[in-house]
Amino acid sequence: MSESWKEIQGLNNWDGLIDPTMNPHLRREIIRYGELAQACYDSFDFDPHSKYCGTCKYHPSQLFEKLNMSQTGYMISRYLYATSNVNLPNFFQKSRLSTSVWSPHANWMGYVAVSTDRDQIKRLGRRDIVIAWRGTVTYVEWIYDLKDILRPALFSDDPTIKVESGFYDLYTKKEDSCTYCSFSAREQVLSEVKRLLHYYKNEEISITITGHSLGAALAILSAYDIAELKLNVVEDGRNKIPVTVFSFAGPRVGNLKFKERCEELGVKVLRVVNVQDVVPTVPG
């Protein structure tokens, strides 16, 4: 694994690693990143009678331990939050309690983690920064509310690069009066990636982003954002830190120009889907 990790992360677009049979290292990594995405669901407080409904049930230092995932070898470095002031019905969980709720505006959206275990780093062949996004917690009708409303991503000077407006709003909106989302989800994740890349600047690093359903859409959007801003470009532009997305049951995120730009920037996306699932085929 340590010798082939760049190929596993998509250096050659997984050529020969999926067909006719899947490479065992790739299979293991897909499952591993799927479990890191699943942790966002398993630790989310769904209970409407809890004053903490809409947040994570565990402190960052205890999340993997509480989920019996201590063997992952990762440490949570930051939780990610988004404002509920977006047009995504039935997505944001809110407590039914009228007082003493943890936040009237924010929802917990996932986390940024970094591999810290020496044995895991040796096995992986590099230090891995992971961004895991939470998906929807209700039935899939939410996606039809997005319709086909495209808007410029505005992460570059090209207005023809467009993404679904619902994903964009969830990623970029903020609430100044809220402790948890006075900075947008975008600002939170970008600042943490910058910090970690600077802290580990003398090491071999990868950036891996994962999520399920709506979380998969946010994974692709944030991967594009990181690459478009050249956060992954080091040594005066001579080298690029690999940016890879393992997307599970993810919907379509942007137009053809968005797809082409992701490819130009070297963002690698492996989409894992069930053929009967409607979500990966919409918005149309």
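Analyst: Happy to! Let's take the second largest pocket, whose lining consists of 10 nonpolar, three polar and five charged residues. Please keep in mind that this is a predicted model. The space in this pocket comes to about 470 Å³, and 18 residues form its lining. To find your way to the middle, look for Ile220, Lys259, Glu263, Val269 and Arg271, the lining residues nearest the centre of the second largest pocket.

Now for the elements around this pocket. Two of them, helix H8 (256-265) and strand E10 (268-272), each contribute at least two residues to the lining of the second largest pocket. The biggest contributor is H8, which provides five lining residues.

For context, let's turn to the largest pocket, with its volume of about 610 Å³. A set of 28 residues lines the largest pocket, and those closest to its centre are Val234, Asn239, Lys240, Ile241 and Pro242. Its lining draws two or more residues from each of several elements: helices H1 (5-8) and H6 (185-199), along with strands E7 (233-234), E8 (239-240) and E9 (243-248). Among the contributors to the largest pocket, H6 has the largest share, with three residues. Sorted by class, the lining of the largest pocket holds 12 nonpolar, eight polar and eight charged residues.

Methods: Residues numbered from 1 in each chain as written. Predicted model: local features only at pLDDT ≥ 70, side-chain atom pairs only at ≥ 80, totals over all residues. Heavy atoms only, no water. 1 Å grid on protein atoms, 1.4 Å probe; cavity = no way out; pocket = protein on both sides within 12 Å on 5 of 7 lines; lining within 4 Å. Points joined across faces, edges and corners; volume = space filled by probe spheres on them. Helix = DSSP H or I, 4+ residues; strand = E, 2+ residues; numbered from the N terminus. Nonpolar A, V, L, I, M, F, W, Y, C, P; charged D, E, K, R; others polar.
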